[in-house]
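Thanks for coming. I have one structure to show today, and I will keep to its packing.

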Amino acid sequence: MRIVSGIQPTGNLHLGNYLGAIRNWVRMQDQVASEGGDCLFFLADLHAISMPHVPADLTANTRAMTAALVACGIDPDRSTLFNQARVPAHAELQWLLNGTARIGWLNRMTQFKDKSGKNREGASAALYTYPVLQAADVLLYQATHVPVGEDQKQHLELARDIAQKFNNDYASAEEPVFTLPEPIIPPDAARIMSLRDGSAKMSKSDPSDMSRINLTDDADTMMQKVKKAKTDPEPLPSEAAGLEGRPEARNLVGIYATLADTSTDAVLQQFGGQGFGAFKPALGELLVERLAPINARFVALKDDQAALDAILDKGADKARALAKPTLDTTYKVLGLCR
């Protein structure tokens, strides 16, 4: 089993990033390593340049995200952790796969329509071909499984289509060039909402810092944000059905349940009938208990540029070695003289 997954280096991670994706990465790392498989986790800095960006911020965010992932539990000794720019094979394979990808396939990609908005003619070509780079990201390493959210399933289906067509065009059934990766959709992938609006996802782009719990927040800041989180005047119900129509209450209970690795009903059995005056301090204490060690590791590592670059260099060395056979074979079957 070989799992490949990437994350864009967009700056400070928040609770939604951690509970929605990164905690599952750590669990997969532990499980797959125990079964003799491989996990490759990368920072998608090549993807980041498909949209307008500040170069200095991209550099800083790549290192900061590396520190955050390590602080959250990604172990560079057990997983391969790197950024795309250190492994040129990603960009090389994207170009080679552009000959197989079809315009009609890319025209169906909803993410380009969403990100380009009304100014589609003014969007970058990189944004349009972004899904081909995503295909290269996983096909390069013969990934068997790729963790995906609902919004990324379409891109993985495209990667499978590209792999299948390439194999049909240039290889044999007995010796395919690419493995067709299977999706992993974590059953407990948490959807964490804003502390100020229970109907909006927690996001770093929200202008209010009070809307999110950052992994860089200290214990006092976390407690303050939880205590000021938007709620309603009703006490907590005794079962999950009672949260219907109460998005802020549902969000806070959901955060508690996810952090405690329990069910919403179990949380409500404990706190049902109580008001938020009792529940919020308990939630704040649980947040501090779970996140304070991550925060401490992050703070200790985030300014050590040499250590962070050493982690990325080590991961890139491993990634380049894993990628080389696939890239060499792709050039060869296309008839490219090297």
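This is a predicted model: local features need pLDDT of at least 70, side-chain atom pairs count only at pLDDT 80 or more; totals for chains, interfaces and linings use all residues.

Residues are numbered from 1 along each chain as its sequence is written, and side-chain values use heavy atoms, with hydrogens and water left out.

The largest nonpolar core has 59 residues. By such a core I mean a set of buried Ala, Val, Leu, Ile, Met, Phe, Trp, Tyr and Cys residues joined through side-chain atoms within 4.5 Å, buried being under 20% relative accessible area with a 1.4 Å probe, protein chains only. Among the residues with the most contacts inside this core are Leu15, Phe279 and Leu291. Helix 12, residues 276–301, contributes the most, with eleven residues; helices are DSSP runs of H or I, at least four residues, numbered from the N terminus.

Setting aside neighbours within four places in sequence, Leu15 is in contact (heavy atoms within 4.5 Å) with residues including Ile192, Ile255, Leu287 and Leu291. Apart from this core lies another, of 40 residues, with Leu93 and Phe178 among them.

Now helix 11, residues 264–271: which of its residues are buried? They are Val267, Leu268 and Phe271. These cover an arc of only 95° around the axis, so they sit on the same side of helix 11; the arc is taken from the directions from the helix axis to the C-beta atoms. They pack against helix 10 and helix 12. After helix 11 comes Gly273, with a positive phi near 90°.

Conventions: Buried means under 20% relative accessible area, exposed over 50%, partly exposed in between (1.4 Å probe, protein chains only). Helices (H or I, at least four residues) and strands (E, at least two) are DSSP runs, numbered from the N terminus.
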